[in-house]
Amino acid sequence: MDPAWQMDRVPEPVTLRPGGVEQFGSVTELLDILRARRADGSTPGTRADGHRVALAIEGGGNRAAYSAGMALGLDELGLTACFDAVYGTSGGALNGAWLLTGEAQRWLPSWASPEVAAAGVNDPRRLLRGGALVDLRVLVEHVYGHITPMDFEAILANPVTFHPMATDAATGEAVDLHPYVVDRTTLQDALRASSCLPMIAGRPVRLGGRGFVDGGLSEAVPFQTALVQGATHVLVLRTRREDQTVTTSRAERAVLAPYFALLARGAGRSHGRRHLAYAAADAASHADVVQVRPPLGSPDVSRLGGSLDTVAEAIGIGRDVVVELFA
């Protein structure tokens, strides 16, 4: 299976590289910037190249196993410190956090860990007790505290800034939670907020006096915020193949309507328009945005399900795509 990635349409000539990867001028520029930074060992605040390079990571529940593999590939190539900022939505925010701990190669593969799967983050039995199907406190406090320990202090201290994205429950706006993250507790809350699927994960997460739900409702592919905040180049790690589309069924809207009406009216409006946000990402025309995708033919990974073997396969595919891109 050949790696595949999508990028902006630019007029420069196409050159075919091993593995069938197409290389355009703007991609060459971004890769050269990252390689030069790796060679000179520069870090944010010490760069002399005049660029601000961001990494933007799409989520998608367990489908984020693809972006986990891509992030793993970047870290194996020694490129993590070559970015100035990491933006992530939902599962993409979790992957971005792991990338900035310095232990990405150890823990990013834990998306396929039997111990994590058995920890009870997703547990339908909670519904019988009036609880949420997905308990994000179990994830960030138990799993990330004891099973796959996440070094929250390393993320906070990393000169590569971390920007988890969420949706304001009241307004429906995409919000960069970076200004709210000041310590371990607020970082954990930001990770929960970015991943708080409406109804499935319970009530909106409170942070800074505001309620937030899953960032995928407003900016599932968080490259636009990166550009607004001054990025000159963005490498985007996608979790959907080019042939996968986003739709919102009438049944889904009906089921979620009471939740939005009571707890997140603004987010409900964003939910109804989220397909437009994906369409904007798919048609990104900025000359310095490079999008990396799972290849056509890669296995489907559902948001909340999928076998561990399939999740592990997705991690491996994502890694291979990035390694091939930089080969």
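Predicted model: local features only at pLDDT ≥ 70, side-chain atom pairs only at ≥ 80, totals over all residues.
**View 1. Cys82 and Cys196, two covered cysteines.** Cys82 is buried, at a relative accessible area of 3%; "buried" here means under 20% relative accessible area, "exposed" means over 50%, and "partly exposed" is in between, using a 1.4 Å probe and protein chains only. Cys196 is buried as well, with a relative accessible area of 1%. Residues are numbered from 1 along each chain as its sequence is written, and side-chain values use heavy atoms, with hydrogens and water left out.

**View 2. The protein chain, zoomed out for a moment.** You can count 14 helices and eleven strands in the protein chain; these are DSSP runs numbered from the N terminus, with helices (H or I) of at least four residues and strands (E) of at least two. Of the 327 residues, 56% are buried. The protein chain exposes about 13400 Å², and carbon and sulfur atoms supply 54% of that; such areas come from the Shrake-Rupley method with a 1.4 Å probe, and for residues only the protein chains shown count as cover.

**View 3. Strand E4, covered on both faces.** Strand E4 spans residues 53-57, and five of its five residues are buried. Val53, Leu55 and Ile57 sit on one side, with Ala54 and Ala56 on the other.

**View 4. The neighbours of E4.** Two strands pair if DSSP finds at least two bridges between them. E4 pairs with strand E10 (residues 233-237) in the parallel sense, over five bridges. Which residue in E10 is the bridge partner of Leu55? Look for Leu235. E4 also pairs with strand E5 (residues 85-89), again in the parallel sense, over four bridges. Here Ala54 stands opposite Ala85. To get from E4 to E5, the chain passes through helix H2 (residues 65-76), and this β-α-β crossover is right-handed: with the strands pointing away from the viewer, the path from the first strand over the helix to the second runs clockwise.

View 5. Rings of Phe, Tyr and Trp (its six-membered ring) pair if their centres lie within 6.5 Å; planes under 30 degrees apart count as stacked, over 60 as edge-to-face and the rest as tilted. By this rule there are three aromatic pairs. Trp98 and Trp107 make a tilted one, with 6.3 Å centre to centre and 40° between the planes. Both Trp98 and Trp107 are buried. Ring pairs link Trp98, Trp107 and Tyr144 into a cluster.

**View 6. His178 in its loop.** Find His178 in the loop between strand E7 (174-176) and helix H9 (184-194). Is His178 buried or partly exposed? His178 counts as partly exposed because its relative accessibility is 31%. Leaving out residues up to four places away in sequence, His178 touches Thr161, Phe162, His163 and Pro164, where touching is a contact, meaning heavy atoms within 4.5 Å. His178 and Met165 are 13 residues apart along the chain, and their C-alpha atoms are separated by 8.3 Å.

**View 7. Ser42 in another loop.** Ser42 lies in the loop between helix H1 (25-40) and E4. Ser42 is buried, with a relative accessible area of 9%. Not counting residues up to four places away in sequence, Ser42 touches Arg37, Arg47 and Ala81.
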